[in-house]
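Here's a quick briefing to read alongside the model. Have the viewer open as you go.

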Amino acid sequence: MAAGAAAPSRLRERLGRPIAAWARRRTGADRSPVTLERRRIYILPTRLGLVYGLMLFTMLLAGLNYANNLALGLTFVLAAAGWVAMHECHRNLAGLTVSVQEVRAPFAGDAAHLTYALSAGDGRTRHDIELAIGPTRATSAVDPAALPVLATIELPCPRRGRFVLPRLAVESRFPLGLCRAWSWLHFDQPLTVYPCPAARAPDRRVADPGDQGRRTETARGDEDVADLRPYRAGDALRRVAWKAYARGGTLLVRDLSGSGGAPSYFDLADIAGADIEARLAVLCRLIVDAAARGDRYGLRLGDHEVASGSGTAHRARCLEALAGYGLSP
Amino acid sequence: MSRAPSAADRHLPLACGALGLAVLGHVGVLPTWIGLLFIVALATRLLGVLQPRPILRRTVLAVFALGSGVVVLANFRTLNGLTAGTSLLVAMAALKVVETERPRDYATLAFIVFFLSLASLLRAPSPLRLAHALACTWLGVQLLLETQRPAAASPLPAARQTARLLGLGLPLAVVLFIFVPRLEGRFWAVPSGGSEATSGVAEEMNPGAIAKLALSDEPAFRVRFDGPLPERASRYWRVLALDAFDGQTWRRSALAATLAPAEPADSRVAVRYSVELEPSHQAWLPNLERLVDWSGVRARRDADGTLALQDNEAGQPQKVDSLTSYSARATPPSAVPTGELDATTRRRTLSLPSGSAPRSRALAGEMRAGSATSRDYIARVLGYFRTEPFAYTLEPPPLGPNPVDEFLFTSRAGFCEHYASAFVVLMRAAGIPARVVIGYQGGDLNAYGNFLLVRQSAAHAWAEVWLDGEGWVRFDPTAAIAPERIRAGLDGALPEAEARRYRHHFAWVLESRAALDALKAGWDRLVLGYSSRQQARLLDRLGWIGDPLTGLATLLGAGFALTALTLLTLQLAFRVRPRPDRVQRAWELACRRLARRGLARDPAEGPLDFARRVRTARPGDGAAFDELVRCYVRIRYERAPVAADTEEFIGRVRRFRP
């Protein structure tokens, strides 16, 4: 059955699109966290549920035909169990709180790791909650006694760009697999996909005019106390002056801004090539490498400029600029 | 959807257990080869768990499935019958087990378990079978519960969940049971299997036929009377009149089975009663003599006074395969004036096979010559039985080719059928129309349930004689030999040695048997016998006016709504809402108070950061809040919190008024 859901037929697609649009209009964009209320939970019988119904109908006919009340009683016990299962299925989702825990921006071609947190504030244990974006899904049980449960979906992202998180389906077939209850969540949260970094950086001279200065600066060594400043959170560990730390017991960092080394700028205009995606890929590689070394760097993309800096946030800013370059926001 | 087989195989023991239990309900009726196939299939698969081996290919299985279908068809010549259908189902289950791998396969197995349980109940609706079917259903539901889950699901308290599903559903099941409309007839005719033995009086009578029944304590039917219970001596329950005799065996002639014209009856003196008839797998409905009318079943009355259950207006007699209840009225025999006996019937009820029972004929001629009227003659015959050394026994000596003569003149020991047969022969030999009637005599009042229980052991045979001006009059020659049989039932009438051997007299046995009978009667009436008639009566009692189907549908809807409401209320009432602890509540109170002053804590803001912000924004409250937060942090994050801190913290919050 899961296989059927995973490979939607064309008919399903044709039917599904307007329904999806309707559901989107109905609930609007969601701000994390969202607690699933009854009105946004949909429920339909699965194929197994339909077969179960058919079985009950056959049993009913047999019981009526043989005028056998015990056979009818058995049929009704099964029918009632199915009916309770339907309610349980719905209840399994109702009251569940879903929030976006972490969106790790991927490079194009990789998978975005979308981590959602599930929690049940009402003290009921939830079973077999499945999170799905299209065919990719993750399963988890929610135990109210524990902290929120995290479920991570690895969403393949083939193209760079700035997106919004795709529609998340929170669904469950618990307990008997006869019904599928689901809710659609349209989290209003950006998903940035960086360009895929090029396999290797091009010739440094062309790409990195400030390279020379940086090299001389590196060569100067640790003893130059004048360039040291106290460690701040976020400084690259490779910049820590470990010798100075050994001497004085305080963490000092070699400060580049004060030094003579001019900050390097990566400029799209410096990258040769016709294909804009390939050029962005090269820039991406440069930024990733520079960030890995802990260098200071800036980025120029035509009119747009990211001022020189370093650190994770800076790297993210630069890569985001690359992700959104040339695309309508 | 392909998975490592080992992951799915962990459900195999449960699946095989459920199937095995379900098949147990059909042991004894399934063909041996299907039983063997089933056992081999289960064993193969269960051993395969230990020693993985390639599962049979699907094509091979398909051939097997088709083959078993053909064999079943050849075996039973139908797939419609219960036994044939069950056999096919079990064969399919055996084949399915072999290839079971995916959740879908397990679902199929669960459905087969449900169907097998149903078939078991169709076979015989007994409380024991119900318990068995419910146990199977439990396992089937649990199988669904355990297998219809995502691959990566965590373990589940499956038994508890199953109990919850079935338990919460129970009220709805009861509502459905009460209000789902029952049918008057059938959708399709069900072939009665040849293997299903009839019980109760047979359609023909030869010496020894009823004596066999006398040993059975099975209930035949129950009767409730509107008004006083007739005396035991007049409780003759007619089932069938046998008018054709071949010298050995009494049978029912085709003539007797013709439709009877309505007899004139005085309904003012009629006795009204209702009968719950256990399945007899025959069409005949027992009734008191001189039936006036009946209701509750579709039936026809034949020329010999037999009431037969009928399939439809035109048609065929229908066998009583399930508990059948009906009401009827009958008048005491003397109250009905009758006309003439038609010539065909007279000829029929006078005929004796030529050459049979010569000595009996001679005796009849002799006695008839010496009596003035038919009644005189009958009295002489009964007197003959009384005065000659006849014995009433369950163990008569076997009779030869001329049983009536042998019985009357040689063995002189027999059960009621011997006496009835001899009596009718003597009547016919003397030119008096007579026939044998088989049915039941007596019945015991059950003090617990206030009903009359007639067991198979009350089976009896007697005679009816046509007397001009009086019609068919009942004479019971057994009463002449063993009056105790009629007055007190079989137990008192048998010779002491036989009675000790066959009957039990312990008071406590009889007492507890009566209590059990009453329980069974209640079960039969309330559960098995619940039908469209009872539904109509229920609607009537509820004050429903109009179409009963609409009424049932309305009540069914109401029942659904009520159950849903009950479930919802229960959920709301028993919802566990984790209450924040005292510290948390106090902390939230402090934050709310600050928020009212325009300083709301950001959800992501830790207490220390918030305190810092409060210090800068509201220097006046900063110190007090600082203390408060320090206390809070101690309680929350210290490795060994002190109880006093909690009190201090709550006190501080109470005093904290920004």
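Which residues do ring pairs link into a cluster? They are B:Trp587, B:Phe610, B:Phe625, B:Tyr632, B:Phe649 and B:Phe656. Keep in mind that this is a predicted model, where local features need pLDDT of at least 70, side-chain atom pairs count only at pLDDT 80 or more, and totals for chains, interfaces and linings use all residues. Residues are numbered from 1 along each chain as written, chains are lettered from A and ligands numbered from 1 in written order, and side-chain values use heavy atoms, leaving out hydrogens and water.

**Aromatic pairs**
- Over all chains there are 33 aromatic pairs (Phe, Tyr and Trp rings, the six-membered one for Trp, with centres within 6.5 Å; planes under 30 degrees apart are stacked, over 60 edge-to-face, the rest tilted).
- A:Tyr52 and B:Phe114 have ring centres 6.5 Å apart and planes at 80 degrees, so they pair edge-to-face.
- That pair joins two chains, because A:Tyr52 lies in helix 3 (residues 47–65) of chain A and B:Phe114 in helix 6 (residues 103–123) of chain B (helices are DSSP runs of H or I, at least four residues; strands are E runs of at least two, both numbered from the N terminus).
- Both A:Tyr52 and B:Phe114 are buried (under 20% relative accessible area, with exposed over 50% and partly exposed in between; 1.4 Å probe, protein chains only).

**A loop residue in chain A**
- A:Leu251 sits in the loop between helix 7 (242–248) and strand 13 (252–254) of chain A.
- Its relative accessibility is 33%, so A:Leu251 counts as partly exposed.

**Strands in chain B**
- Strand 5 (residues 271–277) and strand 11 (residues 324–330) of chain B run antiparallel, joined by seven bridges (pairing takes at least two DSSP bridges).
- Opposite B:Val271 you'll find B:Ala330 in strand 11 of chain B.
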